Amino acid sequence: MASTILEMRDITKTFPGVKALSNVNLSVEEGEIHAVVGENGAGKSTLMKVLSGVYPTGTYDGQIIFQGQECHFKGIHDSEHKGIVIIHQELALVPMLSIAENIFLGNEHARYGVIDWNANEARTSALLKKVGLKEDPKTLITNIGVGKQQLVEIAKALSKEVKLLILDEPTASLSEKDSQALLDLLLEFKRQGMTSILISHKLNEVNRVADKVTVIRDGRTIETLAKKDISEDRIITSMVGRSLDDRYPPREPDIGEVVFEVKNWSVYHPLHADRQVIKGIDINVRKGEVVGIAGLMGAGRTEFAMSIFGRSYGRRITGEVLLKGKPIDVSSVSRAVEHGIAYVTEDRKTYGLNLIDHIKHNITLANLSGVSRHSVIDDMRELAVANDYRKKTNIRASSVYQMTGNLSGGNQQKVVLSKWLFADPEVLILDEPTRGIDVGAKYEIYTIIARLAAEGKAIVVISSEMPELLGITDRIYVMNEGRMVGEMPAAEASQEKIMRAIVRGEGKAA
Amino acid sequence: MSTEIAPAPQGNVAEEQRPRIAVSALTTNLREYGLIIALIVIMLFFQFTTSGTLFKPVNLSNLVQQNSFIIVMALGMLLVIVSGYIDLSVGSVAGFIGALAANMMVIWQLGPLSNPLVVSIVCLIVGGLIGAAQGYWIAYHRIPSFIVTLAGMLIFRGICQALLGGGSSVGPLPDDFKMLSSGFIPDVIGPLTLIPPTVNAAGKTIMGSGLTLHMTTIVLGLIAVLAYAYFGVRTRRKRERHGYEAEPFPLFIIKTLVASALALFLVYEFASYRGLPVVLLVMGVLISLFVFVTKRMTIGRRIYAMGGNAKAAQLSGINTERLTLMVFINMGVLSALGGLIIAARLGQAVPAAGLGSELDVIAAVFIGGASAMGGVGQVIGAVVGGFIMGVMNNGMSIMGVNVDWQQVVKGLVLLGAVIFDVYNKNKA
C-alpha cells in the first residue's frame, strides 16, 4: 500500500471580503495522479497557491504535511526546494529566451556567475528527451507552439528534481492531439513513480488518467472519489450540487420582440492568423430579456463580446449584427455605442476604469456629449449626472470626487455600470458582472440588471458562475471552444444540463 | 449657508462632508499652491542674492522674453505627457522652423510670401505637418514615441543646419518679425508720468530715473484681474445655486486676493518699464486657451482619460489613435511657434537655436507635477514649472553662476520636485 505523500488539513484562506477556502482537506498518495476538479472560482487554484507557497505561511490557516513533515513555505522557493513544483495555467516562460535558458532560468549551471552553456544544453537535451520533445535547446520559446511550451514547462519542473508535480489546467490552451500527448506523458511519469496533481475541469481527461478525484465547490472539499467511483455524472453532480436560494432578486420578465441579433459571427485570433476563435455564432436577444452565455474560461465568450463591440478583439471578423432587424455598423466602439450597444468589461481595472481619476469623470466618459454643448463640458450638469447615478446604483464613496482606484471591487463595478447606463444603450452586454465582488454588492448588481430589463433593455450576461446565470437570466446559451453548443430557457436549465452541454461539446470538437 | 439657498442633493451626506471638503480642497490643491509658493520663494531668494536685480522691470521683461518659448512648448508637451507619450524633437523642430522662417524672409526672394505674417502662418502649418508625420507613426503604428521623436530630433536638427548652409547664421530678420519676441504692446491710451525723469547737466534725461506708467498695460491688467475675480465668484455662485459645495469661502477670498495682488504687482512692474511684452500677451492667451481646453472641453477630458487608461478610453468609444495624432499636431504647431519666438528674439536663425530646449520643456512639465505614466498634469503646473526653470536660469546668470553648475542645480530641482510628488502620493 502506498504511503501518503501530501496531506493538507483544514486549509482556510480569506481574501478581504471573500472566504476563498474554508477547511479544505486534500490527501494525496505517493505515485498517484490525483485530480482536483471544480467550477471556475471554486478555489482550486487558490488551494494550489497555498500549497506552493505563493501565499506564504501565516496568510492562511491549516496544516500542510509533505512526506511526513509539517511545512511552512515562505515562498515558492521553499516548496520547490522540497520538490513541489507547480505549472501554472498561464505559462511562465520568457518568450525571447531559448529553451535551455528558460529551463535553467535562475538555476543555471554556473561558476562565479559565468554560465556553462555546454552543461546547460546537455542537461536540457536529456530533459527534452524525457518529455518527448524534439527541439534544439537553443530554439527560442516564441518559435514553438503552446503545446511544446507546456512540455518545456514540464521539463523545467523535472530539472528541479520534482517529487510532486502540480499541473493547473495544463490542457486549457492545447489542441486535442497535444492534450493527448500530455496526458500520456503524465501516465508515463506515473509508471516511473512520480506523484502528480492535475487540476482540470475537462472531465473526460480526468476520467482517463486520474486515480482519485477530489471535488471542490465554493471553497470546500465536497468529496474524494476513488478510481472505481469516478464517472462524469457523479463528478458533475458533486461539482454543482447546490440549491438556488434567495440570492437573486425576484423579477417578472416582460419579453418583447427581438431587438438584437448576431448572425454567423466568426473571428480569428489577433496574432495567430489561422486560429479561428469564434466559429460562426448566431444569437438573438429580445426586448426586456436577460440572456446568459455560459461556458468555461477560454470558451471564447469575452472574445465574442469584444469583437462585436467595435472590433475590440480579433481579426478577419465576419458576420452580421442587427438591431431591430436592421444591420448596423459596429466597426468601431463609437459606432457601436451610437447604435446603442454597451459592453461592460470583465476586467474593470484594465479595461473599464481610469483608476487615477474620480468617479464623476469615469461615469461621463462614454457619453461626454450628454454633459456638454459645443464640446464644452457643463460642470454642473456633469456633477448632477454623476450624483444621480451614484444614488441610482448605490455607489458607496465619500463623494463623486473619490478616485475610482480607491473603491472596493463592487463599487468600482457600479461605476463602470453607471458609465454605460448613462450612455443609454438598448443592448447591454455584461461580461462577468459580479467577478470578485462580495455577496451584498452582487445582489445590488442583480437588482440593477433586473431593473434595466424591466425598462425594456436587451441584456446579455456572460458568466462562469452557473447559479448566477440560472438565477438572473431568462434564456441561456452555452458556449464552448468558439461555438454555441446549447441553448435553453433558464426555467428548464440546470447546472447539470449546462455542464453536460459543455462536456459533450468538448467531445464533439475533437 | 448654502443649504438654506438650495437643499443639497445628497441630503445628510452633504452635511457630513462639509468639514472634509474643506480639508480635501486644501490637500488636493496643495500641489498647485505648493508649486506657486515654491516659485515665489525662489524669486525672493534670487531677489536677495542678486541684490534686487531680479525684480527690476527691465529684468522681468527679459525673463519673460527669454523663457516664453519654453512655456509655449510646455503647453504642448503637457498634453503629450498627459497622453502618456514624450516628444524629444521639439527643440530641433523649433530650430528647423527658425531656419525655415529666416530663409523665407531673407534668402529666398518670395515676394509677398516673404511677409513676416505670411511666413509665420506657413511655419505654423509646417510645424503641424511635422507633428502629424511623427504622430502618425506613434498613433497608427504604435511605434514608441520616444523612438519616433528621437529620430525627429536628429532629422530636424540636421535639416536646420543644412538650411543654414553648415555653421552660418541667416539674418538679420525684419523688425516687424522681431516684434513677436522683443516688442511691447503700443500704448494706445498714452503714458502717465508720475515722477518726471531727472535731467542732467547736458540737458538729457537720465535713463531709469522718474516714473512713467504704460497706461494700456495698467488697464489691461486691471481688466484681467477683475475678470478673474468675476469668473471666480460666478463659478462659486453657480455651484451654490445647484446646492453643491464650493471650496470654503475664506480660502477662496485668500486665493483670489493673493493671485490678484501678484498679478497687479507684475502689471505695475511691466507698466513702469515699456509695457506688456507682445510675447507675454501671446503666452497669456495660449495659457488661458489651454486651461480652458484641458478643464472644460471634451477633448481635454478625453486626453486625460487616454493617458490614465488607454484601453478603457478606447472601450468607452474614444478614438485614441486620432486623439494621439491631434496631440502631436498640436505639439508640432507649438514647437513651430517656439521656433519663431527664438528666431525673433535673436534677430537671426542660428544652427543651435532651441538646442537642448526639449529637456527644459520636459523638465518644466514634470516639475509642474505631471506623471511620467500619463493621465496626470495641469497646464498651470507646467507654466509655473517653466517659470521656475526660467527664474533659476535668469537668477543664476545674474549671480554669475557658471553655466555648468546651473545645469547641476536645475537637475537637482527636477529630481527634488518629482521625489516630493512621489513621496506625497505614497503618503496619501
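The following legends describe close-up views of a predicted model.

Residues are numbered from 1 along each chain as its sequence is written, while chains are lettered from A in the order in which they are written. Local features of this predicted model need pLDDT of at least 70, side-chain atom pairs count only at pLDDT 80 or more, and totals for chains, interfaces and linings use all residues.

**View 1. Overall build of chain B.** Chain B holds 16 helices and two strands; these are DSSP runs (helices H or I, at least four residues; strands E, at least two), numbered from the N terminus. Its C-alpha atoms occupy a box of roughly 70 × 65 × 45 Å along the principal axes. Of the 428 residues in chain B, 41% are buried, that is, 20 or more other C-beta atoms, placed from the backbone, lie within 10 Å of the residue's own.

**View 2. The largest nonpolar core.** This core has 256 residues; a nonpolar core joins buried Ala, Val, Leu, Ile, Met, Phe, Trp, Tyr and Cys residues through C-beta atoms within 7 Å. The members touching the most others are I459(A), A74(B), M77(B), L78(B), A101(B) and V365(B). Helix α13 (residues 320-346) of chain B supplies the largest share, 16 residues.

**View 3. Surroundings of V365(B).** Beyond its neighbours within four places in sequence, V365(B) is in contact with residues including I81(B), A370(B), G377(B), A382(B) and G385(B). Contact requires C-beta atoms, placed from the backbone, to lie within 7 Å.

**View 4. E444(A) in its helix.** E444(A) lies in helix α15 (residues 439-454) of chain A. E444(A) is buried because 21 other C-beta atoms lie within 10 Å.

Terms used
Buried ≥ 20, exposed ≤ 12 C-beta atoms within 10 Å, placed from the backbone. Contact = placed C-beta atoms within 7 Å.
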